[in-house]
Amino acid sequence: MAFIQFSQVNLAFGDRDILKNVSVNLQTGTKAALTGANGAGKSTLIKIMAGLVEPDSGSRVMEKGARLAYLPQSGLTHAGSTLIEEADKAFDYGYKMQEEIDALGEKLSKGEGNTDVLLEKQAALISALEESGWHRRRALAESVLLGLGFSRDDFNRDTKEFSGGWQMRIALAKALMQNPDILLLDEPTNYLDIEARSWLEEFLGNFKGAFLLVSHDRYFLDVTINEVYELFGGDLKRYKGNFTHYEQVRQVELKTLIAEYEKQQEEIAKLEDFIRRFGVQATKAAQAQERQKQLDKILEKKIEIPESLKKIHFTFPPAPHSGKLVLRLNGITKSYDGKRNVLDNLDLTVENGERLVVAGRNGAGKSTLLRILSGEDSSFSGEIIPGAGVKIGYFSQDNAETIKGSESILDYVEARAPFDLIPKLRDMMGAFLFRGDDVYKSLDVLSGGEKSRIALLLLLLSPNNLLILDEPTNHLDMHSKDVLLDALKDFGGTVIFVSHDRGFIEGLSTRVLELTPGRARNFPGNYTYYLERLKAEEENPELRGEGFGSLSGVSSASSGAGASGGNGKNAAGAGSGSGSASAGASGAGGSSGASGSSGTGGAGQSNKLSWEEQKKAEAERRKAEKEVARIEKAISDLEEEKKALGEKMALPEIYSNGEKAKEVQRKIDETEEKLLALNEEWEKAALILEGLN
């Protein structure tokens with residue numbers, strides 16, 4: 001049984017103890033996670049385990065002949081060989097074993113040394129080499145590379161052509177291919193999409209050796225590990241069970257600690273207040289000095305609690321009012337090379353309040369679609385029709401590039417935050433991992449990840465009613481993800497997002513838009529429902545295409561177009577039953593009002609219409625579109641009028657004059673009544689239009 005053991009390991013940076021008498025034993029079958037607050041020393045401990053950092057004291061013992069593979073968080077690059085050649089370097093251990101086997105064979109053929117000893121040693125090496133899977137290395141390399149998202153076309157590409165994220169995938173692939181006895185992974189999921197994460201989950205589930213990993217993905221941890229090591233205040237403690245179980249046990253454990261922490265904080269505040277008030281007075285000097293001694297003793301044993309227990313909750317600025325329709329896309333087509341369409345004739349309707357996740361493999365067009373929706377990319381064909389009063393906020397990793405200068409993080413954020421949120425900024429910045437003196441760091445020394453967190457925070461401070469988020473959790477720890485998720489759940493507007501964090505997706509999504517080459521499908525339900533549907537389709541291929549429609553005909557999950565059949569509801573904006581889908585794409589078990597056939601969209605029906613019928617249907621559709629556009633324009637104008645009346649009411653000469661105030665309020669009431677009527681009119685018109693699509 002392979003093992004690596006650490007006993008009484010100590011390490012300090014200056015006067016700070018990073019590790020205090022840490023002991024841990026990893027052996028065959030260990031499936032463990034290492035957790036702790038940012039800066040607790042997790043990466044340092046893993047580097048010590050990997051033999052890359054020497055501790056101040058303590059012992060590290062590893063079974064003779066055991067092989068260890070280590071993956072750092074970032075920083076690995078490859079060049080000078082093709083991908084498949086680089087992958088083969090992971091099997092260097094086997095080439096060395098084979099050389100030793102050959103050398104032993106040479107000695108035996110020459111009659112050198114003790115024959116029995118040489119034969120025994122050679123047999124042991126041959127057996128170990130066979131068990132390692134080295135003779136099947138090409139098949140293993142292909143399996144791992146494909147599982148992590150590379151294509152066969154990538155195999156002969158030079159590794160220098162791959163971006164930073166794909167470089168780390170190469171490094172992860174090499175670590176896994178070594179089939180080590182001990183596997184140490186520091187944030188292995190950082191650069192993986194959901195498909196690659198799912199593959200890695202299965203790989204680790206079948207892994208025969210021992211592994212220890214650091215990750216901020218709660219779902220990934222829950223399905224891969226069965227014990228947790230927590231590094232807290234330099235001490236390491238072991239907990240049995242998955243990560244969720246650890247969190248539950250730890251919360252119970254820490255109740256007493258939190259009570260003691262709060263009591264100590266209160267005592268510290270009292271002592272500091274006394275010293276501040278009376279320290280300069282001669283008559284109180286002795287008492288102040290005594291208080292200072294008491295304070296120093298307390299601070300020597302100051303209680304610290306994990307950041308995850310310092311509950312932070314923030315809410316978005318109120319979302320500006322918008323109509324029921326947020327966005328409508330007609331025939332969106334996008335190509336980068338003029339040959340292959342990333343998006344092909346995509347129709348989509350998004351309604352107020354939805355949390356739409358865009359799913360699909362890398363290269364399916366997820367980020368491209370979000371850039372188009374946000375207005376960042378205008379080189380496409382088709383049209384985007386925003387609803388009345390829609391104000392878009394967009395986040396992607398590219399936002400970091402706009403954050404420049406020498407001012408501090410705090411000054412930069414304060415200058416751009418709404419006035420009423422400034423008192424809460426320090427807590428909110430803490431939620432995005434800018435804690436303590438970090439807020440005074442200059443912008444020009446920040447990493448790309450730190451700038452991305454600032455960009456995300458600034459977006460959330462802005463009064464938008466449609467948030468378009470591309471990988472918002474990439475540089476957040478588990479606690480920060482929880483804070484962001486809670487805030488987005490409470491957000492009063494609409495969210496369209498892409499994420500590779502399954503727990504985050506499952507916690508937020510209310511509808512899934514799946515993009516695949518040449519096709520898009522609408523799944524009216526959360527991400528769990530989407531995965532269940534995919535599983536059902538794998539077991540029964542006949543289900544594929546039922547109830548979801550093709551690329552030309554993806555619309556809101558909450559509206560049943562025309563006279564929706566099956567379990568759909570016949571009302572724009574009505575909640576779906578077991579799967580009401582959209583205009584041109586029927587709900588699961590339902591039928592499209594345009595086509596009357598399940599899952600085929602309106603195109604199948606239009607092929608059977610005569611030319612005159614098609615011409616008439618097209619005229620009716622254009623007429624309905626104009627009517628919807630007219631109503632949306634009227635709603636927008638009325639909302640502007642209402643806003644102007646509200647501003648007028650705030651004028652001193654109005655609110656201080658009873659008659660004038662009554663007149664303005666009467667007009668506001670009339671405007672609201674008109675808006676209500678127009679919204680009802682829009683719903684009817686939108687329903688007619690969806691029935692014609």
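## Surface and overall make-up

The protein chain exposes about 33300 Å², and carbon and sulfur atoms supply 49% of that area. The structure is a predicted model, and the values given here should be read with that in mind. Of the 693 residues in the protein chain, 47% count as buried.

The secondary structure of the chain comes to 21 helices and 18 strands.

## An open sheet and its helix

Three strands, in the order β11-β10-β13, form an open sheet whose pairing is antiparallel. The edge strands, each pairing on one side only, are β11 (341-351) and β13 (381-386), and the twist from one strand to the next averages 10 degrees. Helix α11, which covers residues 366-374, packs on this sheet and touches β10, β11 and β13, while its direction makes about 125 degrees with that of β10.

Between strand β10 (residues 325-335) and β11, which run antiparallel, there are seven bridges. Within this part of the sheet, Arg328 stands opposite Thr349 in β11.

## A buried serine in a helix

Ser480 belongs to helix α15, which spans residues 478-490. Because its relative accessibility is 2%, Ser480 counts as buried, the cut-off for that class being under 20%. When its neighbours within four places in sequence are left aside, Ser480 is in contact with Ala431, Phe432, Leu433 and Arg435.

Key:
Residues are numbered from 1 along each chain as its sequence is written. This is a predicted model: local features need pLDDT of at least 70, side-chain atom pairs count only at pLDDT 80 or more; totals for chains, interfaces and linings use all residues. Side-chain values use heavy atoms; hydrogens and water are left out. Helices (H or I, at least four residues) and strands (E, at least two) are DSSP runs, numbered from the N terminus. Buried means under 20% relative accessible area, exposed over 50%, partly exposed in between (1.4 Å probe, protein chains only). Contact means heavy atoms within 4.5 Å. Two strands pair if DSSP finds at least two bridges between them. Axes are lines fitted to C-alpha atoms, for helices over the stretch in contact, and angles run from 0 to 180 degrees between N-to-C directions. Accessible areas come from the Shrake-Rupley method with a 1.4 Å probe; for residues, only the protein chains shown count as cover.
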